[in-house]
Amino acid sequence: MSLKQKIQEDFKIVFKAQKQQETSTLKMLLAAVLLKEKERQFKLASQEKLSEAQIKAKGELLSDEEILAIVQSEIKKLKDALADAQKSQRQDLIVKAQEEISILIKYLPPQLSDEDLRALIIEAIKVVGAKDQKQMGQVIKEVMPKVKGRAENSKVSEIIKEEISKAQW
């Protein structure tokens, strides 16, 4: 079962159970997935001159990795909204954003612990031979394929900065 199918099945279950918050959150996620699929369809139709039937015949338009990226993007938006709600001390919005985040986190793969992430980053720094912040981009290119979906990009970036600054390889 693909990630999209799992989300759709979960949506049906929470809709039938009349769980408003979960239904709303999954509807938002499915809308984001549908939007990305429509963008892909338009791109395929305009670049490759394929008909709608030919595009549908190709099967799923988005891979699980692409849908995972959409989930991460939605979580990031919600975390930004949560930060804004905390600044304005809006308890109702804080609770809503936290609930939506907890619903979407279920669709992410298990997150790496800080120790595991740090070990991957230190290994990448050694492989790249990074000695200063200028080489951070090379370290990120080395690390990101290994941690895709299992750690927040901001956290990865923060740990890379820490490790490069104290690294004397």
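α7 crosses α8 in a right-handed way. A crossing is right-handed if the near helix is turned clockwise from the far one by less than a right angle, and left-handed if anticlockwise. Helices here are DSSP runs (H or I, at least four residues), numbered from the N terminus. The model is predicted, with pLDDT of at least 70 needed for local features and 80 or more for side-chain atom pairs, while totals for chains, interfaces and linings use all residues. Residues are numbered from 1 along each chain as its sequence is written, and side-chain values use heavy atoms, without hydrogens or water.

**Helix packing**

Axes are lines fitted to C-alpha atoms over the stretch in contact, and angles run from 0 to 180 degrees between N-to-C directions.

| Pair | Angle | Axis separation |
|---|---|---|
| α6 (residues 114-128) and α7 (residues 136-147) | about 140 degrees | 9 Å |
| α6 and α8 (residues 153-166) | roughly 55 degrees | within 10 Å |
| α7 and α8 | about 135 degrees | 11 Å |

The angle between α6 and α7 makes α6 oblique to α7. Angles under 35 degrees count as roughly parallel, over 145 as roughly antiparallel, 65 to 115 as roughly perpendicular and the rest as oblique. α6 and α8 are oblique to each other. α7 and α8 are oblique too. The crossing of α6 and α7 is right-handed, and the crossing of α6 and α8 is right-handed.

**Contacts**

Contact means heavy atoms within 4.5 Å. From α7, the residues Met136, Val139, Ile140, Val143, Met144 and Val147 meet α8, where the partners include Val156, Ile160 and Ile164. By class, this contact of α7 with α8 holds 9 nonpolar, 2 polar and 1 charged residues. Nonpolar covers Ala, Val, Leu, Ile, Met, Phe, Trp, Tyr, Cys and Pro; charged covers Asp, Glu, Lys and Arg; the others, Gly among them, are polar.

α6 meets α7 through residues including Leu117, Ile121 and Val128, with Val139, Val143 and Lys146 among the α7 partners. The contact of α6 with α7 has 10 nonpolar, 1 polar and 2 charged residues.

On α6, Asp114, Leu117, Arg118, Ile121, Ile122 and Ile125 meet α8, at residues including Lys155, Ile159 and Glu163. The contact of α6 with α8 divides into 8 nonpolar, no polar and 6 charged residues.

**Side-chain pairs**

How many aromatic pairs does the structure hold? It holds 1. Phe11 and Phe15 are stacked, 5.9 Å centre to centre with 25 degrees between the planes. Rings of Phe, Tyr and Trp (its six-membered ring) pair if their centres lie within 6.5 Å; planes under 30 degrees apart are stacked, over 60 edge-to-face and the rest tilted. Phe11 and Phe15 both sit in helix α1 (residues 3-16), 4 residues apart, about one turn of the helix.

Side chains of opposite charge can pair when their charged atoms come close. The model has 13 salt bridges (a side-chain nitrogen of Lys or Arg within 4 Å of a carboxyl oxygen of Asp or Glu). One of them joins Lys12 and Glu9, with the closest N and O atoms 3.5 Å apart. Lys12 and Glu9 both lie in helix α1, 3 residues apart, about one turn of the helix.

Key:
Helices (H or I, at least four residues) and strands (E, at least two) are DSSP runs, numbered from the N terminus.
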